[in-house]
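Hi,

Here is the structure I promised to pass on to you.

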Amino acid sequence: MSEDAVAVAPLSGRARVSRGLRSRENWVALVRFALVGASGYVVNLAVFALVVHGLGADYRLGAAAAFAVAVTNNFAWNRRWTFDARDGHAGFQAARFLIVSGLAFAVSLGVLQLLVAGAAMPKLPAQATAIAVVTPFSFLGNKLWSFVP
């Protein structure tokens, strides 16, 4: 090993988390993700309300339609602005983003079902709550997998 080369031991999980929490870049990405998520949230709720209340469709169909429109909005903004991942292959990133988003959607749909059918919560506030529950997991999945540099 040359004098310029330095052996670097892999960081423990705790050390990686600690370093990640101190990184300004990660906090900026989280704020941007939240802003993109807020726009997606508005898009999601608007489409959900239109399909369920405007068209009279079942709330599960409304959730699926809202997901499809919002996920497209969120991918475009997250790729371009949140994670600045334009150098990566868009199709590959989109596939991973869709997997993470699909998993988040499945969990949010379960939460929605529990809130509407189990807790008798009104549908629109239940949808809003379900989305909020999965947001942190979605950020981590996209930060650590979908848009990896």
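The lining of the second largest pocket has 15 nonpolar residues, 11 polar ones and no charged ones. Here Ala, Val, Leu, Ile, Met, Phe, Trp, Tyr, Cys and Pro count as nonpolar, Asp, Glu, Lys and Arg as charged, and the others, Gly among them, as polar. This is a predicted model, in which local features need pLDDT of at least 70 and side-chain atom pairs count only at pLDDT 80 or more, while totals for chains, interfaces and linings use all residues. Residues are numbered from 1 along each chain as its sequence is written, and side-chain values use heavy atoms, leaving out hydrogens and water.

The volume of this second largest pocket is about 450 Å³. A pocket is an open set of points on a 1 Å grid over the protein atoms alone, where a 1.4 Å probe fits, with protein on both sides within 12 Å along at least five of seven lines; lining residues have an atom within 4 Å of a point. Points are joined across faces, edges and corners, and the volume is the space filled by probe spheres set on them. Of the 26 lining residues, Asn74, Ile131, Val134, Thr135 and Ser138 are the closest to the centre of the pocket. Helices H2 (24–54), H3 (59–82), H4 (90–118) and H5 (123–146) each give two or more residues to the lining, with the largest share, eight residues, coming from H2. Helices are DSSP runs (H or I, at least four residues), numbered from the N terminus.

Now to the packing. H4 and H5 pack at about 150 degrees, with their axes 8 Å apart; axes are lines fitted to C-alpha atoms over the stretch in contact, and angles run from 0 to 180 degrees between N-to-C directions. The two helices H4 and H5 are therefore roughly antiparallel, a term for angles over 145 degrees. Their contact (heavy atoms within 4.5 Å) includes Phe97 and Val100 from H4 and Val133 and Trp145 from H5. It divides into 14 nonpolar, eight polar and two charged residues.

For H2 and H5, the angle is about 145 degrees and the axes lie 10 Å apart. Among the residues that meet are Phe33 and Tyr41 in H2, and Ile131 and Phe139 in H5. That contact comprises 10 nonpolar, six polar and three charged residues.

H3 and H4 also pack at about 145 degrees, with axes 10 Å apart. Their contact has 14 nonpolar, six polar and two charged residues.

Best wishes

Note on methods:
Parallel < 35°, antiparallel > 145°, perpendicular 65-115°, else oblique.
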